[in-house]
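Good morning, and thank you for making time for this item. I should like to take you through a few local features of one model.

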Amino acid sequence: MTHRLMLLDTASLYFRAFFGVPDSIRSADGTPVNAVRGLLDMIARLTTDYGATHLVACWDEDWRPQWRVDLIPSYKSQRVAETVEGAPDVEVVPDALQLQVPLIRQVLRLAGIAVVGAAAHEADDVIGTYASHAKLPVDVVTGDRDLFQVVDDARQVRVIYTARGMKNLEIVTDAVVVGKYRVLPEQYADFATLRGDASDGLPGVAGIGEKTAASLLAEYGTLDALLAAAIDPGSGLSAPARSKLDAAAKYLAVAPIVVNVVRDLALPTLEEAGALLHPVVGDSRIELERLATDWNLGGSVKRLLDALELRQ
């Protein structure tokens with residue numbers, strides 16, 4: 001079996017599971033378990049369909065790191081439920097989903113699935129680090145287009161994009177990024193910086209949308225080269241573009257740090273993390289099967305166990 005690493009943007013997936021599976025699915029005591037069931041079914045299908053031999057459920061230890069907020073205060077501000085001094089802010093999460101997150105962690109542990117996060121960093125940064133240094137082909141599973149920046153055909157890194165649902169998964173390669181946005185994956189973070197992203201509280205450069213951002217990067221290659229042209233009287237950059245970039249100078253000085261995923265975190269190796277998938281046996285299997293009954297997880301646990309049996 002050819003080794004292949006799968007990196008899950010875990011929160012992206014369990015949010016999708018929560019909203020995609022009826023919340024009428026509950027345990028005997030009335031606790032909703034739709035997100036747990038949905039996530040387990042996703043993992044079973046994804047690992048089987050895409051031949052994953054190694055899997056890391058990448059975790060948001062801090063979904064809105066303070067160092068990013070210090071640079072751009074509006075970063076994800078619309079998702080803050082409660083500001084916490086000296087600790088990660090509380091994200092807006094439906095109560096019925098919040099109740100399930102500890103159970104998700106417990107089930108993943110019993111299934112032997114590696115869960116890796118990093119203090120003061122998002123799951124995207126964990127994904128960026130593993131994807132940038134892995135010695136085997138990588139599939140990144142996410143509904144977040146920001147991670148298109150890690151796509152790299154030469155290193156066999158691609159994104160399995162879930163935005164249109166699990167029945168309409170899209171394999172994102174270099175050609176797909178170019179086809180969608182007219183930029184290369186390595187230009188995507190600069191493109192997103194210029195364009196902005198309201199869903200993440202990133203204002204972008206006023207007057208520069210997707211088409212203009214792509215055209216500017218096609219001509220100048222990188223944001224740094226574009227900004228150099230903006231202050232060079234002899235460059236061919238138009239006066240309107242110079243004016244827009246100048247007006248956004250403070251934003252452009254910090255936004256790339258916020259938008260680019262971190263690629264050099266000190267993370268456990270795949271071996272240290274226990275990323276190699278394997279059948280679940282012994283006490284862990286007994287406990288997982290007990291949970292499946294006690295929490296009304298239905299056939300989802302069995303489907304996951306069956307998928308892991310294939311990883312031998």
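Predicted model: local features only at pLDDT ≥ 70, side-chain atom pairs only at ≥ 80, totals over all residues.

Let me begin with helix 2, which covers residues 34–49. How far apart are its end C-alpha atoms? They are 22 Å apart, and this agrees with the 22 Å that 16 residues should span at 1.5 Å a residue. Among the buried residues are V36, L39, L40, I43 and L46, together with R37. After helix 2 comes G51, which has a positive phi, near 65°.

I turn now to M166, in the loop that joins strand 7 (157–161) and strand 8 (170–172). Is M166 buried or exposed? Its relative accessible area is 15%, below the 20% cut-off, and M166 therefore counts as buried. Setting aside neighbours within four places in sequence, M166 contacts M42, R45 and L46. Of helix 2's buried residues, M42 and L46 are two. By C-alpha atoms, M166 is 35 Å from L71, and 95 residues separate them in sequence.

Finally, consider helix 8 (residues 188–195) and helix 12 (residues 249–259), whose axes come within 9 Å and cross at roughly 130°. That angle makes helix 8 oblique to helix 12. The crossing is right-handed. On the helix 8 side, A189, A192, T193 and L194 take part, meeting Y251, L252, A255, P256 and V259 of helix 12. By class, this contact comprises 8 nonpolar residues, 1 polar residue and no charged ones.

Methods:
Residues numbered from 1 in each chain as written. Heavy atoms only, no water. Helix = DSSP H or I, 4+ residues; strand = E, 2+ residues; numbered from the N terminus. Expected span 1.5 Å × (residues − 1). Buried < 20%, exposed > 50% of the residue type's maximum accessible area, 1.4 Å probe, protein only. Axes fitted to C-alpha atoms, helices over the stretch in contact; angles between N-to-C directions. Parallel < 35°, antiparallel > 145°, perpendicular 65-115°, else oblique. Left-handed = near helix turned anticlockwise from the far one by under 90°. Contact = heavy atoms within 4.5 Å. Nonpolar A, V, L, I, M, F, W, Y, C, P; charged D, E, K, R; others polar.
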